Amino acid sequence: MEDIEVPEYFICPISLQIMKDPVTAITGITYDRESIEHWLFKGRNKTCPVTKQPLPRDSDLTPNHTLRRLIQAWCTENAALGVDRIPTPKTPLNKFHFIKLINDLWRPQLDQIQTLRKLESLAVENERNRKYMTEAGLPKAILAFLESCFERKSVDGLEEALSILHFFRIPSGETNLQQIEIEKIIEALTWVIGLEMENDFVVKSHALIVLKSVISTVRSGVLERLKPRLFQKIISVLRKRINQQGIIAALQVLLDACPWGRNRVLMVRYGAVFELMELELTAPERRITELVLGILFHLCCCADGRTQFLSHEGGIAVVAKRILRVSPASDDRGILILSSISKFSGGNDWVLQEMLKVGAVMKLCKVLQADSPAYLKDKAREILRLHYEEWKDSPCINGSILTEFIK
C-alpha cells in the first residue's frame, strides 16, 4: 500500500491517516472522528487544529457521509493492492441513551449487573461517551448505587460501579453533592477498601482513586472529621502493596488530610510512619517518593511521629539518600524532615551521630554546593550551624570544610 497514491482529501489533518469516520467541524475542516475528539476531549484543546479558530468541546461534529462513501469506494477499487475497506461507523450515542441506561439501573425487573457492565464498556470506549455520561448525571447515579451497596452490605455490581466511577472527577460540578452526602460516600468507600474480594487489588485501587477525587475537593470541615477507620484501612492498603495507581491515590488522600493535627495523630497511631518507610525502601517511582516525603514531613512535626521515624533503622539514611536525587519537591521535604528530627533531638547524641554516619550531614553540604533554591540552602546551613559543635571534630567529615559551609 506504500506505493498507492491516496487522495489528499481522504487524509485526516491530525492523524495523517485515511479517515474511517470523517466529521466536519464548525470551522469547515473535516477530520477523522477519533482524532478530533481526542484533540478536543483528551487534549483539552479549544481551537481548530488547522484554522486555529475557536472550537468549543460541545460544538457539533457533523458526519461527512459523502466523503466516507468516496473513501469506502476507493478502498474497494484498490482492494487487490492491499487496501482494506473502511467499515461503516456506528451512529454515535447521545445523552438520552445514557439517561435510559441510568433509569434501567433502578428497574428491578432488569439485570443491574448487565446494565453496569454495559455502562462500563461504554465509559472505556471513548471520551465522548464519558462526556455524555456526565451530562446525563451518571456519576451521581453510580454514587447512589455505591451507597446502596454499602447500606445493604452487598458486593453485587460493586466492581463494575467503581470501574465506571474512576473515570470521573467526583464530586464534579454536575453532581452538586451536599456535605452529608460526601461523608456517606467517604464512609462507603472506606468500607470497600476494607473488603476482601476476588479482584481485590483492582477494586481497592478504583475505590482509592474515587476517594482521592472526593477528598481533594471537600471543605475543611469534612477533613477535620474523617473517621479513624479510614486511616486504618488506607495504611493497611499500603502494607499490602496494591498497584501503583492505588498506592499514589492512597498517599494523596493521606497528604491532603495531614494539615489537621488530629489526622496526623491517627496516622501515627496506625503505624503510617513505618509503612511509609517500608514503601520508600522499595525504591518507588518519583511521584510516590514525593508523596511519601510530604507525608513524613507532616508526621515528623509531632513528637510521636519523630519517635516512630527514628525507630526505623533506615529512616535517616533513606531520606538523606533521596535529597538531590529525585526532584526539587523531594529535596524540600527531605531537608525539612532532617531539620525537624535534628532540631527536636533534645541533645540525643545518637540522632546526630546517625546523621553523620549515613551521610546526611555531607548531603546538607552538597545542597549548599548545588544549584538549589536560596531558601533550601538557608535551611541546610541552619541545620549545620545548629549542630556544628557536635559535628566539627567527627572523623566522618572534614571540620574545616564544615566551617566554610556555615559562614
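Is Glu187 buried or partly exposed? Glu187 is partly exposed, because its relative accessibility is 33%, and the classes are set as follows: buried is under 20% relative accessible area, exposed is over 50%, and partly exposed is in between (1.4 Å probe, protein chains only).

This is a predicted model, in which local features need pLDDT of at least 70 and side-chain atom pairs count only at pLDDT 80 or more, while totals for chains, interfaces and linings use all residues. Residues are numbered from 1 along each chain as its sequence is written, and side-chain values use heavy atoms, with hydrogens and water left out.

**Overall form**

The protein has 23 helices and three strands; these are DSSP runs numbered from the N terminus, with helices (H or I) of at least four residues and strands (E) of at least two. Of its 407 residues, 51% count as buried. Its radius of gyration is 28 Å, whereas a compact globule of 407 residues would have one near 22 Å. That radius is taken over C-alpha atoms, and the globule rule is 2.2 Å times the number of residues to the power 0.38. Along the principal axes, the C-alpha atoms fill a box of roughly 85 × 60 × 35 Å.

**Salt bridges**

Side chains of opposite charge can pair when their charged atoms come close. The structure holds 19 salt bridges, each a side-chain nitrogen of Lys or Arg within 4 Å of a carboxyl oxygen of Asp or Glu. The table gives some of them.

| Pair | Closest N and O atoms |
|---|---|
| Arg117 and Glu160 | 3.2 Å |
| Lys227 and Glu187 | 3.6 Å |
| Glu280 and Arg322 | 2.4 Å |

Arg117 forms a salt bridge with Glu160. Arg117 lies in helix 4 (residues 112-125) and Glu160 in helix 7, so the pair ties together parts 43 residues apart in sequence. Arg117 is partly exposed, at 43% relative accessible area, whereas Glu160 is buried, at 11%.

Helix 7 (residues 158-165) is largely enclosed by the rest of the structure, because seven of its eight residues are buried. Among them are Leu158, Glu160 and Leu165.

Glu280 forms a salt bridge with Arg322. This pair links distant parts of the chain, with Glu280 in helix 14 (residues 272-280) and Arg322 in helix 17 (residues 315-322), 42 residues apart. Glu280 is buried, with a relative accessible area of 1%, and Arg322 also counts as buried, at 12% relative accessibility.
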